[in-house]
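Biologist: I'm new to this one. Could you walk me through how to read its helices?

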Amino acid sequence: MTAPQVLDASTSAIIAAEAEHVAHNYHPLPVVIARGEGAWVTDVEGKRYLDLLAAYSALNFGHGHPAILAAAQEQLGRLTLTSRAYHNDQLGVFAAALAELCGKDVVLPMNTGAEAVETGIKVARAWGYRVKGITPDRATVIVAGGNFHGRTTTIVGFSDDPQARDDFGPYAPGFVTVPFGDAAAIEAAIDENTAAVLIEPIQGEAGVVIPADGYLRAVREITERHNVLFIADEIQSGLGRVGETFACDREGVVPDVYLLGKALGGGILPVSAVVANRDVLGVIRPGEHGSTFGGNPLAAAVGTRVVEMLSTGEFQRRAAALGEHLEAKLVEFIGHGVTAVRIAGLWAGVDIDPAKGTGREIAERLLGRGVLVKDTHGQTIRIAPPLVIRATELDWAVEQLKLVLSD
Ligand SMILES: *Cc1c(COP(=O)(O)O)cnc(C)c1O
């Protein structure tokens, strides 16, 4: 086995100093990054690493993409924040571009992914009462087991991951959990109080769990037939990652509501949004919902550039082609230190044979070889490189994984 990485004195000192004053709500890999460019990052010692996590897909365009940096820099010098108490000259441009990308009418801008989810829940409830006619305070939202929608108190209440949920109750009522990938279970759970079905089309944190083909189409058909909103949390799966603009596109499905975040901010700042048609988002009236930073001109300028970059389809095509390339290599590992591979576009969950170590141990050994990945749920490593990565760089990373697994 490769010896665990011996930490440089200055790296250790920085990590120790950080631990003094930063709450221990994460368990980062022992590397201190100081610079990033494209798919590569450089640590404080000058060592380079290939970043195969890409900030959980927030860096779909890589570190410091010149076109996104230019949009941010131009806007930084002009105007960064107005609050929504006034109009600014960037928000409308961003909303129009994003609505068009989504094939929808209206955008409600927020900042983090969790805020987009919370907003989606509020919109679903208000729609349930004001449009569908659900009895006040009875609206429910159907969610899937294994979900990850963020860290707020309402959201963790309908997580079934003990680490995310335990000791943070009491939990908000109004959520019904059914198994992921089981459309019949959704239909069975629907009653007169159901306002929405909220799912990730592919579950990222769960380990890139891809439902069987036909699931999303069935969810679309069932929700339409029962007058229930279909809310797709595409915060991690959307914006090019899976080789299409949205993971729902893999089944030709259009949900009622898209929840977007992560890559929407171009890796520069948090930008999230709820995107839907006016008959849904129009239920929210002035004063009922908002955010001091949501829709700020800097975020809007960056978001507009991100949407422009996605509108050519270039990144989606890259993700599809590189994903096929990666899949061909990863499936070779099955039975050789890997028990399963799930892949959609340039997004893979690789289950490590426990005989080779935990996901965390594999991630640490890959770190020692200059490759950054993140483990999830014990035995899984997730591979989600920036979409700007080159095939030769992917090949090199896969070679490092092979060496780590054959140690
Ligand atoms: C990351 C993520 C969120 C939460 O986003 P934050 O910006 O961390 O609040 C919600 N849903 C999904 C599917 C995610 O991957």
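Biologist: Which residues of helix 3 (residues 66-76) are buried?

Modeller: Some ground rules to start. This is a predicted model, where local features need pLDDT of at least 70 and side-chain atom pairs count only at pLDDT 80 or more, while totals for chains, interfaces and linings use all residues. Residues are numbered from 1 along each chain as its sequence is written, and side-chain values use heavy atoms, leaving out hydrogens and water. Helices are DSSP runs (H or I, at least four residues), numbered from the N terminus. Buried means under 20% relative accessible area and exposed over 50%, with partly exposed in between (1.4 Å probe, protein chains only). In helix 3, the buried ones are Ile-68, Ala-71, Ala-72 and Gln-75. They fall within an arc of 95° (taken from the directions from the helix axis to the C-beta atoms), so they line one face of helix 3. Pro-66 and Gln-73, on the other side of helix 3, are exposed.

Biologist: What covers the buried residues of helix 3?

Modeller: Look for contact, meaning heavy atoms within 4.5 Å. The cover includes helix 11.

Biologist: At what angle do helix 4 and helix 11 pack?

Modeller: Axes are lines fitted to C-alpha atoms, for helices over the stretch in contact, and angles run from 0 to 180 degrees between N-to-C directions. Helix 4 (residues 91-102) and helix 11 (residues 297-311) pack at about 30°, their axes 9 Å apart. That makes the two roughly parallel, a label for angles under 35 degrees. Among the residues that meet are Phe-94 and Leu-98 from helix 4, with Gly-303 and Val-307 from helix 11.

Key:
Angles under 35 degrees count as roughly parallel, over 145 as roughly antiparallel, 65 to 115 as roughly perpendicular and the rest as oblique.
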